[in-house]
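Subject: Handing over a structure

Dear colleague,

Please look through the sequence and the coordinates before you read on.

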Amino acid sequence: MKTRSDDLELLLCVIDAGGFSAAADVLDIQVARVSRAVSRIEKQLGVAILTRTTRRIELTDEGRQFVNSIRIALQSMQSAENDIITHGELPAGKLRINAASPFIFHQLIPLIQAFKLAYPDIELELRSNEGFIDLIENRTDVAIRIGKLADSTLHARALGTSPLYVVAAPEYLVKRGIPKQPLDLKHHDIIGFSDIKSLNKWPMKGAETILPSITASNGEAIRQLALSGNGIACLSGFMVHKDIASGTLISLLNSSRLLNTDREQINAVFYQSSSVSKRISAFLDFIKPRLTLG
């Protein structure tokens, strides 16, 4: 083997961080060390891995194929080392998890106590973010994302699907009436998202783009506004299925609702070469069968 595994790890960090300086900042080492490692790999292989400009780096075609292969290889090496070192031991160490705040409130927090009993040596750190994030920049080990995933170097594990529901509180419907078809929504108060406009496209014909009269930056705030009788909202089942079952929110326009939309997908994403893969696997294996996605 011509290349060194520590050089390959530095190369992956350059790609994931988006540049030599960013990789050096993440690893807290000198930029020169990162640059020497990448140059050494290219010299040893006799091929250019990266094309460099003053503003960014890009993988060459040969580099892209090489990087995809070494990600898998390094992950296998790390897993083999971890398995032999921790044989018979439970996973231990910090695990940093990022998800939208409603998913943390309604799905993760109810499972934390049982998870800690099963894995007492894993130190959990929960962070909320309503949009997609850069895992390295945000120092995150695994992110739970709702909606269709774009192509990336991240490894994804499907956690399930959560149907979308159009809902309103009974007190609102008593005052304003029940919409019979999507076109009726234009006569109602609509609660929508202020920051992620794509979430204001509802999954039904005739209501593809909603113009909200009240907006909020996250789904939990929208849920609370709906519960308080402020209007009609479209939210994921993982956060409103209990409200619907108890009658505090009423599910509307069910016959018009489109099923299996991209927005219903829920995935966990992480880097394949992550050194915390055993902790990630333990966490995802634990939560997946216990999620109540509606």
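What percentage of the residues of the chain count as buried? Of its 294 residues, 46% do. Please keep in mind throughout that this is a predicted model, and that the chain has nine helices and 12 strands. Among contacts between residues at least 6 apart in sequence, 73% join residues at least 24 apart.

Leaving aside residues up to four places away in sequence, Leu-95 touches Ile-122, Glu-123, Leu-124, Glu-125, Asp-141, Val-142, Arg-279, Ile-280 and Phe-283. Glu-123 is 28 residues from Leu-95 in sequence, while their C-alpha atoms are 6.0 Å apart in space. The bridge partner of Leu-95 in S4 is Leu-124, and the two strands concerned, S3 (residues 93-99) and S4 (residues 122-128), run parallel and are joined by seven bridges. Together with helix H5 (residues 101-118), S3 and S4 make a right-handed β-α-β unit.

Helix H5 also has a helix packed against it, namely H7 (residues 219-227), at an angle of about 75 degrees and with the axes 7 Å apart. Because angles of 65 to 115 degrees count as roughly perpendicular, H5 is described as roughly perpendicular to H7. Pro-102, Phe-105 and His-106 make the contact from the side of H5, and Gly-219, Glu-220 and Arg-223 make it from the side of H7.

Elsewhere in the chain, three strands form an open sheet in the order S10-S7-S11, with antiparallel pairing. S10 and S11 (250-252) stand at the edges with a single partner strand each, so one side of each is left without a neighbour in the sheet. From one strand to the next, the twist averages 50 degrees. Helix H8 (residues 237-246) packs on this sheet and touches S7, S10 and S11, and its direction makes about 110 degrees with that of S10.

The pairings in this sheet can be followed residue by residue. Strand S7 (residues 164-168) is joined to S10 by four antiparallel bridges, with Leu-164 standing opposite Ser-236 of S10. S7 and S11 are likewise antiparallel, over three bridges, and here Val-166 stands opposite Leu-252 of S11.

Which way do the residues of S10 point, and are they buried or exposed? In a regular strand the side chains alternate between the two faces of the sheet. In S10 (residues 233-236), Ala-233 and Leu-235 point one way, whereas Cys-234 and Ser-236 point the other way, and all of them are buried.

With kind regards

Definitions and conventions
Residues are numbered from 1 along each chain as its sequence is written. This is a predicted model: local features need pLDDT of at least 70, side-chain atom pairs count only at pLDDT 80 or more; totals for chains, interfaces and linings use all residues. Side-chain values use heavy atoms; hydrogens and water are left out. Buried means under 20% relative accessible area, exposed over 50%, partly exposed in between (1.4 Å probe, protein chains only). Two strands pair if DSSP finds at least two bridges between them. A crossover is right-handed if, with the strands pointing away from the viewer, the path from the first strand over the helix to the second runs clockwise. Axes are lines fitted to C-alpha atoms, for helices over the stretch in contact, and angles run from 0 to 180 degrees between N-to-C directions. Angles under 35 degrees count as roughly parallel, over 145 as roughly antiparallel, 65 to 115 as roughly perpendicular and the rest as oblique. Contact means heavy atoms within 4.5 Å.
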